[in-house]
Amino acid sequence: MQKIKLGTIGTGFIVRYILNGVKVTDGICCEAVYSRTREKGCELAEHYGVQKVYTDLDEMLRDEEINCIYIASPNNLHYEQTKKALLSGKHVICEKPFCTGEKQARELIGLAKERGLFLVDATPTAFLPNFEILKRELSKVGRVRLVLSSYSQYSSRYDQVREGKLPNVFNREFAGGCLMDINYYNVYLNVALLGRPVQTAYYPNIPEGLADTSGILMMQYEDFVSECAGAKDTWGVNSVQIQGEKGYIYVEGGSNGITSLKVVTKDGEAVFDEQNGADHWMLEVREITRLMLTDDHAAMYQRMDTMADVIGVIEEARHRAGIWFPGEESQG
C-alpha cells in the first residue's frame with residue numbers, strides 16, 4: 001500500500017481529532033465522508049477539504065479509491081460496519097470499544113487475517129511512544145503488587161442526563177456507558193502491560209434507566225490486584241500508579257495520553273517522555289500509518305489480540321454487574 005485513503009463513518013468530535021492528525025501525517029488522507037445526514041457530512045467534508053460525501057454506506061464501500069474505512073459510529077454499530085467493510089475488501093480502523101463482545105471481536109480478527117487486511121483498534125494507548133517506555137521500564141519496580149488507575153472526564157452529555165434526557169453515550173440501546181468509554185483505557189493499559197486477569201468485578205454507578213456513568217473495575221491477577229476507576233460524571237486527576245516490591249511507576253495524564261512517566265526505586269528516580277506534549281491522537285495516526293505502510297501485519301494483529309482480551313474482560317465485568325446490551329441475554 002502506497003497511501004491510506006480513508007472513508008470515514010461518523011461526524012462526532014473524535015472524527016475531527018483523527019482527521020486533524022491525518023492532515024499533518026504523510027501517507028494518509030481522507031478520501032470521503034459518510035453520514036446519515038448530508039448536512040452533517042457536508043459540514044465535516046468542507047472543514048477538511050474532502051470532496052466526496054456519502055449518505056449510503058454501501059455506495060461508499062463500493063468506491064475503489066477508498067482502501068481503508070475509519071469507523072466512529074455509536075458502539076452498537078461497530079461490529080456490523082466493520083464486518084461489512086472487511087467483506088468489501090477494505091482495511092478497517094475502528095474506534096474503541098471495537099465491539100461489544102469478545103466472540104464478535106475474534107470473528108472479525110479471523111476475517112481480517114483470512115483476507116490479508118489490516119484491522120486496527122483505535123485505542124491511542126497502544127500506539128504511543130511513552131507506552132513503549134512503560135513496557136521497557138516495568139521490570140525496574142520488581143514484582144508488581146498493586147495497580148491504581150484513575151481516568152475521569154466529565155461529559156457534557158451528563159448534563160443532559162441531569163435534565164432527564166438519555167443521550168446515546170449513556171444509553172444501553174447504543175452499548176453506552178463509562179466502562180465502554182472512559183474506563184476502557186484503564187483496562188486496555190492493564191491488559192496490554194500485565195496480561196489478562198484471572199477474575200473481574202465491576203462496581204458501577206447506574207442512574208435509573210441508564211448505563212453506568214462511573215464505576216470501579218477490580219481485576220484479580222495471580223499475585224496482585226488492579227483497580228480501574230473511571231467516570232463520566234466527575235473530573236479529577238488522571239493517572240496510573242504501578243507499585244512493585246522495588247519501587248513504583250507513576251503515569252501522568254492517565255492511561256489514554258501517558259504524558260510522562262516517573263520511575264522511582266531505592267536507587268533513585270527518573271522521568272521519561274518522548275511525546276513532548278504532542279497530541280496523542282496525532283501520535284496514534286502517525287504510528288498506525290507507519291505500521292500499515294510498512295505492511296507490519298504482525299504488530300497490528302498482536303494489538304488486536306490484546307483488544308479481544310480487553311473486550312472479554314469488560315464483557316465479563318459488566319455482565320456480572322448486571323449491565324446487558326440488546327440481544328446479549330439471548331446469547332447466554
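Trainee: Is C68 buried or exposed?
Mentor: Buried means under 20% relative accessible area, exposed over 50%, and partly exposed in between, with a 1.4 Å probe and protein chains only. The relative accessibility of C68 is 0%. C68 therefore counts as buried.

Trainee: What kind of model is this?
Mentor: Residues are numbered from 1 along each chain as its sequence is written, and side-chain values use heavy atoms, leaving out hydrogens and water. Local features need pLDDT of at least 70, side-chain atom pairs count only at pLDDT 80 or more, and totals for chains, interfaces and linings use all residues; the model is predicted.

Trainee: How many disulfides does the whole structure hold?
Mentor: A disulfide is a pair of cysteine sulfur atoms within 2.5 Å. The closest cysteine sulfur to that of C68 is in C29, 11 Å away, so it is too far for a bond. C228 is also too far, because its closest cysteine sulfur, in C178, is 11 Å away. A search of the whole structure gives a disulfide count of zero.

Trainee: What is the relative accessible area of C228?
Mentor: C228 counts as buried. Its value is 0%.

Trainee: How much space lies in the largest pocket?
Mentor: On a 1 Å grid over the protein atoms alone, with a 1.4 Å probe, a pocket is an open set of points with protein on both sides within 12 Å along at least five of seven lines; lining residues have an atom within 4 Å of a point. Points are joined across faces, edges and corners, and the volume is the space filled by probe spheres set on them. For the largest pocket it is about 1200 Å³.

Trainee: Which residues of the lining are closest to the centre of the largest pocket?
Mentor: The lining holds 41 residues. Closest to the centre are G12, F13, I14, A72 and R157.

Trainee: Which helix gives the most to that lining?
Mentor: Helices are DSSP runs of H or I with at least four residues, strands are E runs of at least two, and both are numbered from the N terminus. α4 (78-87), α7 (156-162), α8 (182-194) and α10 (280-293) are among the helices that each supply at least two residues. The top contributor, with three residues, is α1.

Trainee: What span should helix α5 have?
Mentor: The expected span is 1.5 Å times one less than the number of residues. α5 (residues 102-115) has 14 residues, and its end C-alpha atoms are 20 Å apart.

Trainee: Which residues of α5 are buried?
Mentor: Their cover includes α4, β6 (119-122) and α11 (297-320), where contact means heavy atoms within 4.5 Å. The buried residues are E102, A105, L108, I109, L111 and A112.

Trainee: How many residues of α11 are buried?
Mentor: α11 reaches 35 Å from first C-alpha to last, close to the expected 34 Å. The helix is mostly covered. Of its 24 residues, the buried ones number 17.

Trainee: What is the phi of A175?
Mentor: A175 is in the loop between α7 and α8. It is buried, at 1% relative accessible area. Although A175 is not a glycine, its phi is positive, about 60 degrees.
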